[in-house]
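Good morning, and thank you for making time for this presentation.

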Amino acid sequence: METYDDDLVKFEADGAAPLPVANDQGYVEHNGAQIWYATYGSGLPVILLHGGLGHSGNWGYQVPALLRSGYQVVVIDSRGHGRSTRDARPFTYELMASDVLAVMDTLNIEKAALVGWSDGACTALVLASNDPSRVAGVFFFACNMTPSGTKEIEFGPILKRCFSRHVKDYARLSATPDQFDEFSEAVGLMQRTQPNYSAHDLAQINVPVAIVQSEHDEFIKREHAEYLARSIPNAEFIYLPDVSHFAPLQRPEQFNAAILAFLGKVLP
């Protein structure tokens, strides 16, 4: 029986489940940053892109489920997040998408399915827009493609617990452990102003996309998610009841079932 962490009490205390032992891990030097990655298993490749202020360890409940289903799993710490470094330039989703491509090139991955959570979802869809030949499909969970897609944020107990965990993990993993405030401010600037895709931009995306929206998402308007699903030609809308922006941590089995159903379509 699944154990729920709907209020993120366990996540704040302990983080997600630990990642398994990697086949390979290391850094790719790209555009002024050292980008950390790890790979697991073998099979058709699935790349997991975490959310803003987080790191790859937040996928601890997803990696084993994907391995059991026979996929090769790649996790990447976005630039400035987790073990990855950054330079002085501002964060952009285009820059982070180019980092993902650099890791794919290093690992000789010609094409992969992308699973993105929050900022990772934006990065995945930007990559699919810019380099569709490299992307088998995008599982786009809990993000916006225009600034108008976000809600007014109420910093309630769940967000406070998540933020507390991010602060601890940054201090433990980062090469600049004393710079969380500057890092958080730079990520926040990106989130408030990017991405800004028009309906025309969305209509040009030609890879399979799942737009995935939680019932209680703290950040993203449901009507925006439905707009994205209507505006992207090969998109479907998936609704996750009873969970929020943190569904991969709150109810992993429900979230993993949605990922695996999508991957079954795009990675036959």
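Before we turn to the helices, a definition is needed: helices here are DSSP runs of at least four residues, numbered from the N terminus. Please also keep in mind that this is a predicted model.

Let us begin with the cavities. The structure holds 2 cavities of 30 Å³ or more.

Which helices each supply at least two residues of the lining of the largest cavity? They are helix H3, covering 93-106, and helix H4, covering 119-130. H3 makes the greatest contribution to this lining, with 3 residues. Among the residues that line the largest cavity are Met96, Asp99 and Val100, together with Gly120 and Thr123. The lining also includes Ile35, Leu49 and the residues Ile76, Asp77, Ser78 and Arg79. Sorted by class, the lining of the largest cavity comprises 5 nonpolar, 3 polar and 3 charged residues.

The second largest cavity holds about 40 Å³ of space. Helix H5, residues 157-173, provides the largest share of its lining, namely 4 residues. Residues lining the second largest cavity include His166, Asp169, Tyr170 and Leu173. Others in that lining, among them His55, His81 and Phe183, can be located on the screen as well. By class, this second lining has 4 nonpolar residues, 5 polar and 1 charged.

What volume does the largest pocket have? Its volume is about 700 Å³. The largest pocket is lined by 34 residues, and those closest to its centre are Ser118, Ile153, Gln191, Phe219 and His245. H6 gives the most, with 5 residues. The lining of the largest pocket divides into 17 nonpolar, 14 polar and 3 charged residues.

Finally, the second largest pocket has a volume of about 210 Å³. Of the 13 residues that line this pocket, Glu2, Thr3, Tyr61, Pro252 and Glu253 lie nearest its centre. Helix H2, 63-68, and helix H10, 252-266, each contribute at least two residues to the lining of the second largest pocket. That lining consists of 6 nonpolar, 2 polar and 5 charged residues.

Thank you for your attention.

Key:
Residues numbered from 1 in each chain as written. Predicted model: local features only at pLDDT ≥ 70, side-chain atom pairs only at ≥ 80, totals over all residues. Heavy atoms only, no water. 1 Å grid on protein atoms, 1.4 Å probe; cavity = no way out; pocket = protein on both sides within 12 Å on 5 of 7 lines; lining within 4 Å. Points joined across faces, edges and corners; volume = space filled by probe spheres on them. Nonpolar A, V, L, I, M, F, W, Y, C, P; charged D, E, K, R; others polar.
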